[in-house]
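Biologist: I have a model open and some quick questions about it. Can you walk me through it?

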Amino acid sequence: MTRSDALPTPSSSPEPHAHHEGPPPSPWLIAMEFRAFWEFGAIVPFWPLLQRAPVGDGHPVIVFPGLSASDGSTVPLRSYLTNRNYDVSGWNQGHNFGPRAGVLEAGSHQIRETFLAAGKRKVSLIGWSLGGIYARELAKLHPELVRSVITLGTPFSGAPESTNAWRLFRLTSGRDIKAETRRFELPVAPPVPTTSIYSRTDGIVAWQGSLQKRSRANPNTENIEVIASHLGIGMNPSAMWAVADRLAQPEGAWRPFERQGLLRGLLYPNPAR
């Protein structure tokens with residue numbers, strides 16, 4: 001990173017934070033990533049159920065794509081959230097090839113400009129995979145501008161080797177992922193309501209690396225498990241519904257996700273099991 005692009009390292013937290021050092025998902029789970037096509041196709045038959053999610057209050061939302069992906073990958077999610085009455089935009093920086101010079105600086109500028117354009121309404125940030133790292137770290141920089149953070153399959157609490165994407169990161173960004181992750185306290189949650197949506201059948205990211213540890217500094221954090229692939233989690237109907245549910249909470253009145261009931265219990269397994 002250039003000096004102007006670098007995020008300042010947050011101050012050390014007095015609380016320990018979980019860090020997964022295990023292996024990446026197995027070849028079997030990698031093969032199951034082909035489910036992404038089914039997840040995209042499932043949006044149509046599940047659309048009537050998706051319409052039963054709470055309607056939003058119109059506040060602005062920015063969606064960050066995953067590694068090597070562009071805003072095109074988030075069109076289904078952004079279209080759905082627009083339908084649910086949010087002012088949604090992509091990150092507007094082309095393909096996500098890692099923290100190249102100016103990327104994080106541009107993200108900060110976009111959040112500030114979106115906040116002002118919305119009449120000083122706080123912005124919710126959603127990030128898919130690597131995009132979730134951006135969302136979390138930018139929220140740490142600008143908590144006064146950010147309403148909430150939601151991540152989808154983001155490996156913020158795992159070692160780089162616990163994913164099957166670290167070599168792709170090195171190839172596309174030209175950076176040493178270990179050196180990059182040492183610059184920040186990635187497992188520490190932003191000081192705003194934060195939700196991590198993850199899947200134990202993720203074929204790219206070890207699911208343990210997407211678990212947010214609760215802390216006294218920010219009790220408004222949670223983990224929501226869905227049954228999804230990594231490449232399809234942003235188009236998975238159950239994940240999309242959970243995102244809409246989380247965004248619809250009144251500002252300043254955050255409550256954990258409710259998974260009671262037969263249908264919800266099947267779609268959203270208990271993360272504590």
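Biologist: Which residues lie nearest the centre of the second largest pocket?
Modeller: Phe46, Pro237, Ser238, Leu267 and Tyr268 lie nearest the centre, out of 18 lining residues. A pocket here is an open set of points on a 1 Å grid over the protein atoms alone, with protein on both sides within 12 Å along at least five of seven lines. Lining residues have an atom within 4 Å of a point. This is a predicted model, where local features need pLDDT of at least 70, side-chain atom pairs count only at pLDDT 80 or more, and totals for chains, interfaces and linings use all residues. Residues are numbered from 1 along each chain as its sequence is written, and side-chain values use heavy atoms, with hydrogens and water left out.

Biologist: Which elements give two or more residues to that lining?
Modeller: Helix H2 (35–41), H3, H9 and helix H10 (262–267) do. Helices (H or I, at least four residues) and strands (E, at least two) are DSSP runs, numbered from the N terminus.

Biologist: And what volume does the second largest pocket have?
Modeller: About 430 Å³. A volume is the space filled by probe spheres set on the grid points, which are joined across faces, edges and corners.

Biologist: H9 came up there. How many of its residues are buried?
Modeller: 11 of its 11 residues are buried. Buried means under 20% relative accessible area with a 1.4 Å probe, protein chains only.

Biologist: What does isoleucine 126 touch?
Modeller: Its contacts (heavy atoms within 4.5 Å) include Val61, Phe64, Leu81, Ala135, Leu152 and Val243, not counting residues up to four places away in sequence.

Biologist: Ala135 is in H6. Why is H6 called largely enclosed?
Modeller: Because 11 of its 12 residues are buried. Ala135 is one of them, as are Arg136 and Glu137.

Biologist: How far apart are the ends of H6?
Modeller: The end C-alpha atoms are 17 Å apart, which agrees with the 16 Å that 12 residues should span at 1.5 Å a residue. The expected span is 1.5 Å times one less than the number of residues.

Biologist: New topic. Where is valine 192?
Modeller: In the loop between helix H8 (177–182) and strand E5 (194–198). Valine 192 is buried, with a relative accessible area of 5%. Among the residues it touches are Ala139, Pro143 and Asn218. Proline 143 is 49 residues away in sequence, yet 6.6 Å away in space, C-alpha to C-alpha.

Biologist: How many cavities of 30 Å³ or more are there?
Modeller: The count is 1. A cavity is a set of points where a 1.4 Å probe fits but cannot get out. The largest cavity has a volume of about 40 Å³.

Biologist: What lines the largest cavity?
Modeller: The lining includes Ser148, Pro193, Arg246 and Trp254. E4 supplies the largest share, 3 residues.

Definitions and conventions
Buried means under 20% relative accessible area, exposed over 50%, partly exposed in between (1.4 Å probe, protein chains only).
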